[in-house]
Amino acid sequence: MQSYTRTAVWLHWSMAVLVLALMVVGFSLPEEEGPARSLGIQLHKSFGLVAWALLMFRVAWRFTHRPPAPPAGLSPAQHRVAEWVHGLLYLLLFVQPLLGYLSASFAGYPMLWFGLELPQWGWKDREINHFFTECHEISAFILIALVVVHAAAALHHAFVRRNGMLRRMGVPLG
Ligand code: HEM
Ligand code: HEM
């Protein structure tokens, strides 16, 4: 059976873990200002930018390495839906950090990446900051919904239809 390259598999699972961790940290940031919130935001921003950099590498890898042919038994329509969901996942993985960067750019704090100062794309403005924070939150919910559909489909293929779907992504199950 054809499968993804080892690099594609590594990128898929490391980004899945990173994105889930970013969601957990993002949603559990304390509301009130203080050292816990500021440490949480610093780590969230730094690792969020790592996710964006990994995505750039992943997209470059994807363009230069063909994915395996669809598994046997998948109808053309099902394959098209899977391709759309994958495309939307890539889009959201691109947009989500971008909206976070925009939100942080209007918060009035330095844009630090593990202590290294990066350019701001804005100035201190509470309203614009809130607007982009809302967008960042909505986009997180869309990303979560897509991941749920995507993971449910992968598990259905692996354990109900038993067509080796998870094995293509490096998991020896199903
Ligand atoms: C944040 C979480 C996740 C993201 C962002 C994500 C994203 C993606 C993307 C973009 C692809 C398409 C790869 C390509 O052809 O370029 C893919 C493939 C795949 N993902 Fe995920 N994924 C996530 C979590 C999961 C989970 C939890 C599972 C399993 C339960 C899973 C199983 C798979 C499998 C089996 C494939 C290969 C599909 C095929 O062979 O056509 N993913 N994923
Ligand atoms: C894939 C990457 C990312 C994911 C999945 C993610 C996810 C989240 C989530 C779920 C929240 C909580 C939303 C809420 O309840 O309001 C959040 C908050 C936040 N994120 Fe991200 N984020 C990512 C990348 C980034 C990046 C790259 C930055 C900035 C450089 C960033 C900056 C922020 C800030 C500043 C907040 C707190 C907003 C506030 O409460 O004022 N995020 N993020």
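**Exercise 1.** How many residues of the shell around ligand 2 are nonpolar, how many polar and how many charged?

*Solution.* Keep in mind that we're working with a predicted model. Start by collecting the neighbours: 23 residues surround ligand 2. Gly 26, Gly 48, Pro 97, Gly 100 and Ala 140 are the closest of them. Now sort the shell by class, and you get 13 nonpolar, eight polar and two charged residues.

**Exercise 2.** Work out which helices supply at least two residues each to the shell around ligand 2, and which gives the largest share.

*Solution.* Go through the helices that line the ligand. At least two shell residues each come from helix 1 (6-27), helix 2 (35-64), helix 3 (76-105) and helix 4 (126-159).

**Exercise 3.** Describe how helix 2 and helix 3 pack against each other.

*Solution.* Two numbers get you going, since a pair of packed helices is described by the angle between the axes and the distance between them. Here the axes of helix 2 and helix 3 come within 10 Å and cross at roughly 145°. Next comes the hand: this crossing is left-handed. Finally, list who touches whom. Helix 2 brings Lys 45, Gly 48, Leu 49, Ala 51, Trp 52, Leu 55 and Val 59, and these meet Tyr 90, Leu 93, Phe 94, Pro 97, Gly 100 and Ala 104 of helix 3. Split by class, the contact has 10 nonpolar residues, two polar and one charged.

**Exercise 4.** Find the buried residues of helix 3 and say what covers them.

*Solution.* First check the helix itself: its 30 residues reach 44 Å from first C-alpha to last, close to the 44 Å expected at 1.5 Å a residue. Now pick out the buried positions in helix 3, which are Gln 96, Pro 97, Gly 100, Tyr 101, Ser 103, Ala 104 and Ser 105. Their cover includes helix 2, strand 1 (111-113) and helix 4. For context, 10% of the protein's 174 residues count as buried.

How values were computed:
Residues numbered from 1 in each chain as written. Chains lettered and ligands numbered in written order. Predicted model: local features only at pLDDT ≥ 70, side-chain atom pairs only at ≥ 80, totals over all residues. Near = placed C-beta within 6 Å. Helix = DSSP H or I, 4+ residues; strand = E, 2+ residues; numbered from the N terminus. Nonpolar A, V, L, I, M, F, W, Y, C, P; charged D, E, K, R; others polar. Axes fitted to C-alpha atoms, helices over the stretch in contact; angles between N-to-C directions. Left-handed = near helix turned anticlockwise from the far one by under 90°. Contact = placed C-beta atoms within 7 Å. Expected span 1.5 Å × (residues − 1). Buried ≥ 20, exposed ≤ 12 C-beta atoms within 10 Å, placed from the backbone.
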